[in-house]
Amino acid sequence: MDNSWRLGLAMGLSAGQSQLLMSLLLLLTHVQPGTGVAAPEHINYVPQLSNDTLAGRLTQSTFTLEQPLGQFHSHNISDLDTIWLVVALSNATQSFTAPRTNQDIPAPANFSQRGYYLTLRANRGLYPGDQARGQLRVLRVGNDTHCQPTKIGCNHPLPGPGPYRVKFLVMNDEGPVAETKWSSDTHLQEAQALRAVPGPQSPGTVVIIAILSILLAVLLTALLAVLIYTCFNSCRSTSLSGPEETGSVRRYTTHHTFSTPAEGAS
């Protein structure tokens, strides 16, 4: 219906009926086409990677986000509402459908089939508008290596380099309440393959290798010669004196003495 028809209809009705009609029209504008369910409120916030120079800001299975401080102060959001982080492959954002109940929330184990899952459950009390000076508030996606991928909300390591996109989704028992914009693409680090040594060597490299080989051989030869010389000097026998020659000594006396016969000898 166009605006002129709406105005004419409103003028032909009473003030109360006109107000009721306008309320119904406003409600219809907030209903998702084909579902009969009110669309979630759009929060003008784009999730960002952390600007701090953190170790592990981007790894092969994790990345670090800034916390969305003060972004959920709308009167449509209560302190009891749940705030989820939606992690999706970039090519799966168009097909993302916000779950209606907690039972519909996809876990990391469903990531390969759906292309997205929900993690890092929180509430707006954890994302206050003020931040203490010197306090670092970040969210590390894919940081939990101990949780089961089949568990809803598990912050399981990411399975590949991506690219990934994320957004925050606010839910209550009746379904989605509000959502932020999608982030830009995030590419994780990839393992670098070891490069093989190139086959042919340049002539200069060959000459240098030959010279170094010759010098090494000369050095080893000199070292071996020194060892042999040292061992020879320390182990060679010194000249030992032979057995003393026994000289014959002639016994003689300078005085002739005669023994006196013993008395009483016959």
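Student: Quick one to start: is Cys154 buried or exposed?

Tutor: Cys154 counts as buried, because its relative accessibility is 2%. Buried means under 20% relative accessible area, exposed over 50%, and partly exposed in between, with a 1.4 Å probe and protein chains only. Before we go on, this is a predicted model: local features need pLDDT of at least 70, side-chain atom pairs count only at pLDDT 80 or more, and totals for chains, interfaces and linings use all residues. Residues are numbered from 1 along each chain as its sequence is written, and side-chain values use heavy atoms, leaving out hydrogens and water.

Student: OK. Which cysteine does Cys154 form a disulfide with?

Tutor: With Cys147; the two sulfur atoms are 1.8 Å apart. A disulfide here is a pair of cysteine sulfur atoms within 2.5 Å, and the structure holds 1 of them. The link is right-handed, with 60° about the S-S bond.

Student: And why does Cys147 count as buried?

Tutor: Because its relative accessibility is 15%.

Student: Changing topic: in what order do the strands of the open sheet come?

Tutor: The order is E1-E7-E6-E3-E4, 5 strands with mixed pairing. The edges are E1 (41-42) and E4 (116-122), each pairing on one side only. Strands (E, at least two residues) and helices (H or I, at least four) are DSSP runs numbered from the N terminus, and two strands pair if DSSP finds at least two bridges between them.

Student: Which way does E3 pair with E4?

Tutor: Antiparallel, over 5 bridges, with E3 covering residues 82-89. E3 also runs antiparallel to E6 (residues 164-172), joined by 8 bridges. Val86 stands opposite Lys167 in E6 and opposite Leu118 in E4.

Student: What is the bridge partner of Leu85 in E4?

Tutor: That's Thr119. Thr119 is buried, with a relative accessible area of 0%. A polar atom of its side chain lies 3.2 Å from the backbone oxygen of Gly153.

Student: Which residues does Thr119 touch, leaving out those up to four places away in sequence?

Tutor: Trp84, Leu85, Val87, Gly153, Cys154 and Asn155. Contact means heavy atoms within 4.5 Å. So Cys154, where we began, turns up again there.

Student: Last one: where does UniProt list a "transmembrane region"?

Tutor: The unreviewed entry lists residues 206-232. UniProt positions use the numbering here, feature names are shortened, and annotations may be inferred rather than shown by experiment. In the model that stretch is 100% helix and 0% strand, with its end C-alpha atoms 39 Å apart.

Technical notes:
A polar contact is a pair of N or O atoms within 3.5 Å; within protein, one must be able to donate a hydrogen and the other to accept it, and residues adjacent in sequence count only if both atoms are side-chain atoms.
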